[in-house]
Amino acid sequence: MENYIFIPIIFFTVIIIISAFFIVRQQTAAIIERFGRFESIRQSGLRFKIPLVDRIAGKLSLKIQQLDVIIETKTLDDVFVRLKVSVQYKVIRDKVYDAFYKLDYPHDQITSYVFDVVRAEVPKMKLDDVFVRKDDIAIAVKSELNDAMIEYGYDIIKTLVTDIDPDSQVKAAMNRINASEREKIAAQFEGDAARILIVEKAKAEAESKRLQGQGIADQRREIARGLEESVEVLNKVGINSQEASALIVVTQHYDTLQSIGQETNSNLILLPNSPQAGSQMLNDMVASFTASNQIGEAMKNAKKKKEE
């Protein structure tokens, strides 16, 4: 019977001994109190406390933590915008006591400071500047939080403005402005391309005209050379230059009529076209050549007398 009395005592003793040991996880700090008063801070590993005297008041993570804060505020150009500020912070290992006992709700404290700084900085900027200078906002928040939270044992690692969300109507207007600007740039490029095409086409046409003129000049030069040779041949048989030229023109006239007659769908009309046209043309040309020669001789004689 006496053996049975010791069983609860032994069991209770084992429970007390087991409860005297506890484990603190890596990157965690445990706060030990003795009779309600701070006793010590225990780091990671297997630790011991006095049963029924010491108790674990709490544990603080020493890892980097992140708090996301959503703030709605107004810009300098009276546009309401929602910002998401992410604050990365951690408990300073040497200031676990301050972090545990001086501040009950660190999240609320950090949120209050973020609201205060953002609502002080953003109203100084226009909406476009908020997007451009979001890093300046983040730096201002970090600076303010560091000065305030270092006293409570918290180190602010980094602050980031991760989202800027204006009103939906404002975003639609910004998209329209952006689209209009891009259409304007596209129209300018299209105009430049059209101008280049016109200039290049004009250059090509000018080059074509030049080559065409050169071809016509070469053609006429060869025709003139052929006529000269024909006149020389006719001079050899006793026909003077005037008659030879008239004969060549009349011959070309009849060659042209013959060529037109061979084409069934020709729309060319050669004037004059009567049966007497050939002889009349020959007489007119002989008379014109004679007159031109006389005029030329008179001009030469007048020039010679003037020089004398």
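1. A polar contact is taken here as a pair of N or O atoms within 3.5 Å; within protein, one must be able to donate a hydrogen and the other to accept it, and residues adjacent in sequence count only if both atoms are side-chain atoms. On that basis, the side chain of T159 reaches the backbone oxygen of A138 at 2.4 Å.

2. The model is predicted: local features need pLDDT of at least 70, side-chain atom pairs count only at pLDDT 80 or more, and totals for chains, interfaces and linings use all residues. Residues are numbered from 1 along each chain as its sequence is written, and side-chain values use heavy atoms, with hydrogens and water left out.

3. T159 lies in strand 8 (residues 154-166); strands (E, at least two residues) and helices (H or I, at least four) are DSSP runs numbered from the N terminus. T159 has a relative accessible area of 5% and is therefore buried (buried is under 20%, exposed over 50%, partly exposed in between; 1.4 Å probe, protein chains only). Leaving aside residues up to four places away in sequence, T159 touches S86, V87, A138, I139, V141, K142 and L145, where contact means heavy atoms within 4.5 Å.

4. Not counting residues up to four places away in sequence, V118 touches I71, T73, L83, V85, P123, I137 and V141.

5. Two non-glycine residues deserve a look. Q27, in the loop between strand 1 (21-24) and strand 2, has a positive phi of about 60°; its relative accessibility is 27%, so Q27 counts as partly exposed. D78, in the loop between strand 6 and strand 7, also has a positive phi of about 60°; D78 is at 55% relative accessibility and therefore counts as exposed.

6. An open sheet of 3 strands has the order 3-2-5 with antiparallel pairing, two strands being paired if DSSP finds at least two bridges between them. Strand 3 (37-42) and strand 5 (54-61) are the edge strands, each pairing on one side only. Strand 2 and strand 3 are joined by 5 bridges, and E33 has F38 in strand 3 as its bridge partner.
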